[in-house]
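User: Hey, could you walk me through this one? I'm new to reading structures.

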Amino acid sequence: MKYKRILLKLSGEALMGEKKYGIDSNRLEQYAQEIKKIKDLGVEIAIVIGGGNIFRGVQAERTGIDRVQGDYMGMLATLINAMALQSSLEQNGMYTRLMSGIKVESVCEPFIRRRAIRHLEKGRIVIFGAGIGNPYFTTDSTAALRAIEIEADVVLKGTRVDGVYTADPEKDKSATKYGTLSFQEAYEKNLNIMDMTAFTLCQENNLPIIVFDMNVPGNLENLVKGEEIGTLISSN
Ligand code: UDP
């Protein structure tokens with residue numbers, strides 16, 4: 001196994017599947033099965049899930065809701081997704097713990113680093129909900145920060161595209177995919193891999209990121225086994 005402990009970042013939008021809003025149960029089930037494959041290989045798995053399918057802080061400003069309030073609403077949205085994913089993982093026979101960046105005591109544990117690591121060592125899948133717990137951050141930053149804290153080998157950013165391209169492949173047919181990139185190249189080329197906070201955290205702490213298509217069955221499994229899938233962004 002190339003990666004023993006991973007942090008999987010899933011966007012909230014990915015959970016929508018074919019829907020325009022909310023959670024698609026088929027997509028949820030599909031993700032649970034993909035995650036099960038790597039659990040069965042013995043990989044230690046932490047997951048950060050976004051909330052964009054339900055609510056984003058920036059969207060609040062347009063509706064007259066205060067930005068900070070909106071960000072907390074966004075964090076609660078991620079928690080809803082995290083709860084749905086937790087349920088789906090458990091229905092597929094996996095043991096899980098949900099840890100939250102803000103206190104929601106009846107629903108989940110607060111994030112405590114040593115505890116998170118212990119859960120992983122015991123074979124539980126740890127889901128980090130409610131982001132970092134502070135406004136003005138994103139779940140990409142949460143993924144980077146938590147991955148560093150739990151000493152994950154890599155951040156696997158599951159998206160709807162199969163990697164990082166020279167231009168938006170949906171708009172520009174001549175766009176080509178990068179197999180590997182250094183942090184420096186990605187920065188100089190202004191490639192949108194994660195927001196700057198998240199990106200810098202990964203770069204400064206030597207934490208590789210792989211952007212890959214989570215909707216292709218087997219991709220996640222083949223990645224942790226060491227196959228070259230998607231785009232690897234690292235220090236080299
Ligand atoms: N958010 C926040 N702090 C965090 C994580 C998330 O304030 O540490 C809020 C922010 O408003 C963000 C929303 O939660 O827009 C949903 O997260 P994100 O947009 O990262 O979700 P994704 O785009 O991955 O679905």
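User: What should I know before we start?
Analyst: This is a predicted model, where local features need pLDDT of at least 70, side-chain atom pairs count only at pLDDT 80 or more, and totals for chains, interfaces and linings use all residues. Residues are numbered from 1 along each chain as its sequence is written, and side-chain values use heavy atoms, with hydrogens and water left out.

User: Which residues does the UniProt "binding site" annotation cover?
Analyst: The unreviewed UniProt entry lists G51, D71, I132, G133, N134, P135, Y136, F137, T138 and T139. They are spread over 89 residues of sequence, yet they cluster in space, with a largest C-alpha distance of 14.4 Å. Keep in mind that such annotations may be inferred rather than shown by experiment.

User: Let's zoom in on G51. Where is it found?
Analyst: G51 sits in the loop between strand 2 (44–49) and helix 2 (57–62).

User: Buried or exposed? Why does G51 count that way?
Analyst: G51 counts as buried because its relative accessibility is 8%. Setting aside residues up to four places away in sequence, G51 touches G12, A77, T78 and N81. Contact here means heavy atoms within 4.5 Å.

User: And T138, where is its place?
Analyst: T138 is in the loop between strand 5 (125–129) and helix 5 (139–149). With a relative accessible area of 35%, T138 is partly exposed. A polar atom of the T138 side chain lies 3.3 Å from the backbone nitrogen of D140.

User: New topic: which strand does T231 lie in?
Analyst: T231 lies in strand 9, residues 231–234. T231 is buried, since its relative accessible area is 0%.

User: What does the side chain of T231 reach?
Analyst: The T231 side chain reaches the backbone oxygen of Y178 at 2.5 Å.

User: Last one: what does the C-alpha trace span?
Analyst: About 50 × 45 × 35 Å along the principal axes of the chain.

Key:
Helix = DSSP H or I, 4+ residues; strand = E, 2+ residues; numbered from the N terminus. Buried < 20%, exposed > 50% of the residue type's maximum accessible area, 1.4 Å probe, protein only. Polar contact = N/O pair within 3.5 Å; in protein donor to acceptor, adjacent residues only side chain to side chain.
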